[in-house]
Amino acid sequence: MVEAQFEQGQLLVYGTNGICTVDSVDLMSFSDGMPKEMYYVLRQYRNQENTFFVPLKNEKLTSKMREIMQKEDIEDILMGLSDDDVKWVKDRRERVEYLKGILHDGVSQKLLSMIILIYNQKRKLEKEGKKLPVTEAGILKSAEKLVEEEFGWVLGMEPEEVPKFIRKRLHIPEEE
């Protein structure tokens, strides 16, 4: 039997779903005749109606679960940011797969670098009278949401305050 890594009531991050609460760790079956197995029952923190059932023995799904970072982790991420972390891939299909991979790895230096890269590309395209492709815009929005939620939680601020905090810490001027 697989041992539970997280316990009831614990807050954690579950992949791109953001912060979740472990509602329970229960023996369950989702169809008649199937043996029961242990599941984490996770409830999304920002939207309590979203519930996720994660089988303990499914390493692919449980690997998406991690503890919420600490203030020191955020400082390390911000201090370690580099323009070399993420590059714009010319081929659109390759770029989308590459960016989705970074997004699915969760909040990290690479994710923040990706946000900055996509944002700069968006600004460049806007100056040319063009728009960022829809897929890349969606990836940007999802990435920003993850960072804002977790940084906001850890730092005790509202998610919408996080971009200003990051810009200030990285000495990036306010948008015009």
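Strand E1 (residues 11-14) and strand E2 (residues 19-28) pair in the antiparallel sense over 3 bridges, where strands (E, at least two residues) and helices (H or I, at least four) are DSSP runs numbered from the N terminus, and two strands pair if DSSP finds at least two bridges between them. The model is predicted, so that local features need pLDDT of at least 70 and side-chain atom pairs count only at pLDDT 80 or more, whereas totals for chains, interfaces and linings use all residues. Residues are numbered from 1 along each chain as its sequence is written, and side-chain values use heavy atoms, with hydrogens and water left out.

Within the pairing of the two strands, valine 13 stands opposite isoleucine 19 in E2. E1 and E2 form a hairpin with 4 residues between them, and glycine 15 in the turn adopts a positive phi of about 50 degrees. On E2, antiparallel pairing with strand E3 (residues 37-44) extends over 8 bridges; in this pairing methionine 28 stands opposite glutamate 37 in E3, and cysteine 20 stands opposite glutamine 44 in E3. These strands belong to an open sheet of 5 strands, with antiparallel pairing and the order E4-E3-E2-E1-E5. Its edge strands are strand E4 (51-55) and strand E5 (65-66), each of which pairs on one side only.

The protein chain contains 6 helices and 5 strands, which run from the N terminus on as β-β-β-β-α-β-α-α-α-α-α. Helix H5 lies across E1, E2 and E5 and runs at about 95 degrees to E2, with axes taken as lines fitted to C-alpha atoms, for helices over the stretch in contact, and angles running from 0 to 180 degrees between N-to-C directions. The C-alpha atoms of the protein chain fill a box of roughly 60 × 35 × 30 Å along the principal axes. Of the contacts (heavy atoms within 4.5 Å) with a separation of 6 or more, 53% are accounted for by residues 24 or more positions apart.

Of the 176 residues of the protein chain, 35% count as buried, the term denoting under 20% relative accessible area, as against exposed at over 50% and partly exposed in between (1.4 Å probe, protein chains only). Leucine 112, which lies in helix H4, is buried, with a relative accessible area of 5%. When residues up to four places away in sequence are not counted, leucine 112 touches Ile77, Leu78, Leu81, Val147, Phe151 and Ile166.

The largest pocket has a volume of about 740 Å³. A pocket is defined on a 1 Å grid over the protein atoms alone as an open set of points where a 1.4 Å probe fits, with protein on both sides within 12 Å along at least five of seven lines, and lining residues have an atom within 4 Å of a point; the volume is the space filled by probe spheres set on the points, which are joined across faces, edges and corners. Of the 27 residues that line the largest pocket, Ile115, Ile116, Tyr119, Asn120 and Ile172 are the closest to its centre. Helix H4 (109-127), helix H5 (134-155) and helix H6 (162-169) each supply at least two residues of this lining, and the largest share, 8 residues, comes from H4.
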